[in-house]
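Thank you all for coming.

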Amino acid sequence: MICGSVWTCPTCAAKISERRKLEIQRATTAFKAAGGALYMLTFTFSHSRHDDLAGLLGRFSKARTYMREQRAFKELKEEMGFVGDMRALEITYGDANGWHPHEHDLWLTTTPLTRVKSRKLVATLFELWVKACAKAGLALPNRKRGVDLKEMDSADEYLAKFGRESTWGTAAELTKQHIKKGKAGRSTSFDLLRMYEAGDKRAGQLFIQFASAFFGKQQIRWSKGLKAMFGVQEITDEELAKEEAEDSAIVTEIRGDEWAAVLHQPYDVRSAILDVAETGGADAVRLYLDRLVAVEVQRRRTAANSGTRTAVAPGF
């Protein structure tokens, strides 16, 4: 069975987000090549650990709608050379301030904005966003974090680091919430799931709250006509999750402890498992993983005794 949930299923989220990332990469690469510019806008608001998630999301959605319906917002887009945008809903959780929904908007403009226009864009959007939050019943955003603007130098550059990624592309920032790691005491939804798997019952209850509140919501939205402009097909998450690449084949399945052992290897040897799969098939992969787990167990024992950390890839 394939559920097609980008929010709650690690398996489907991996497949769906990768395909959505490729859609965004193709469109933004073509747009940049034609002389256009890309800007990442992030909208946030104040919140507390006492806020109910479902209610918070409802008010957040209303605030976003209120802002976009304002004449000043539409006039601002026209002045900035707005072509279209791709909007991604995201959320983290922190014990200090509770649930933190926020939205990333990737704006496509006909030409790069001057410094004056960039400052005007942020200032005007902040004022509109404050009014929208007040009307929707949200706690007001602060000027430092309420509206953030970053210009994207290229379609694949968004220089923020998450987890084990050395660089983070624009497309990944919009689509790859399932592999992001929360920062500064905050956890992503899949962080909560990993914490529950490790025995944290409260994290499991929080994940259930998240799953209930986000059921049926769309992760990525393109403005009207933008997909057609770049020849991107309209296809649902469920359809994407069911797709199988013509040249792909399942060799074997890897357990969680085995994958953890793989991730402890240096970057330059992690791909060895792909070489083993290609040359030796399932039996060779199984032998390699058994050896790798044994090495990882020994590494932990050594680290516990000496206080050091090493990573060793077994020969094959």
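In which strand is Trp222 found? Trp222 is found in strand S6, residues 220–222, where helices (H or I, at least four residues) and strands (E, at least two) are DSSP runs, numbered from the N terminus.

Before I go on, a word about the source: this is a predicted model, in which local features need pLDDT of at least 70 and side-chain atom pairs count only at pLDDT 80 or more, while totals for chains, interfaces and linings use all residues. Residues are numbered from 1 along each chain as its sequence is written, and side-chain values use heavy atoms, with hydrogens and water left out.

Back to Trp222, which counts as buried because its relative accessibility is 14%; buried means under 20% relative accessible area, exposed over 50%, and partly exposed in between, with a 1.4 Å probe and protein chains only. Leaving aside its neighbours within four places in sequence, Trp222 is in contact with Glu23, Ile24, Ala27, Asp85, Met86, Lys227 and Val232, contact meaning heavy atoms within 4.5 Å. The C-alpha atom of Trp222 is also separated by 9.6 Å from that of Asp105, although the two are 117 residues apart along the chain.

Arg26 sits in helix H1, residues 10–33, and is exposed, because its relative accessible area is 54%.

Now for the chain as a whole, which has 11 helices and six strands. Of its 316 residues, 43% count as buried, and of the contacts with a separation of 6 or more, 70% are between residues 24 or more positions apart.

What about the cores? A nonpolar core is a set of buried Ala, Val, Leu, Ile, Met, Phe, Trp, Tyr and Cys residues joined through side-chain atoms within 4.5 Å. The largest one has 46 residues, of which Trp99, Leu121, Leu125, Trp129, Phe210 and Phe214 touch the most other members. Helix H4, residues 115–136, gives the most to this core, with nine residues. Leaving aside its neighbours within four places in sequence, Leu121 is in contact with Leu41, Leu76, Met80, Trp107, Leu113 and Leu149. A second, separate core of 14 residues includes Trp222, together with Met86, Ala88 and Met152.

Let me turn to helix packing, where axes are lines fitted to C-alpha atoms, for helices over the stretch in contact, and angles run from 0 to 180 degrees between N-to-C directions. Helix H2, residues 53–69, packs against H7 at an angle of about 40°, with the axes 9 Å apart. Here Leu53, Ala54 and Leu57 in H2 meet Gln209, Phe210, Ala213 and Phe214 in H7. By class, the contact of H2 with H7 has six nonpolar residues, one polar and no charged, counting Ala, Val, Leu, Ile, Met, Phe, Trp, Tyr, Cys and Pro as nonpolar, Asp, Glu, Lys and Arg as charged, and the others, Gly among them, as polar.

Helix H7, residues 201–214, also packs with helix H6, residues 189–197, at an angle of about 145°, with their axes 7 Å apart. The residues making this contact include Leu192, Leu193 and Tyr196 of H6, and Leu206, Phe207 and Phe210 of H7. They divide into eight nonpolar, two polar and one charged.

Finally, how do H10 and H11 lie relative to each other? The axes of helix H10, residues 256–263, and helix H11, residues 272–306, come within 9 Å and cross at roughly 90°. H10 and H11 are therefore roughly perpendicular to each other, on a scale where angles under 35 degrees count as roughly parallel, over 145 as roughly antiparallel, 65 to 115 as roughly perpendicular and the rest as oblique. Their contact has six nonpolar, no polar and five charged residues.

Val285 is found in helix H11 and counts as buried, because its relative accessibility is 2%. Leaving aside its neighbours within four places in sequence, Val285 is in contact with Val251, Thr252, Ile273, Val276 and Ala277.
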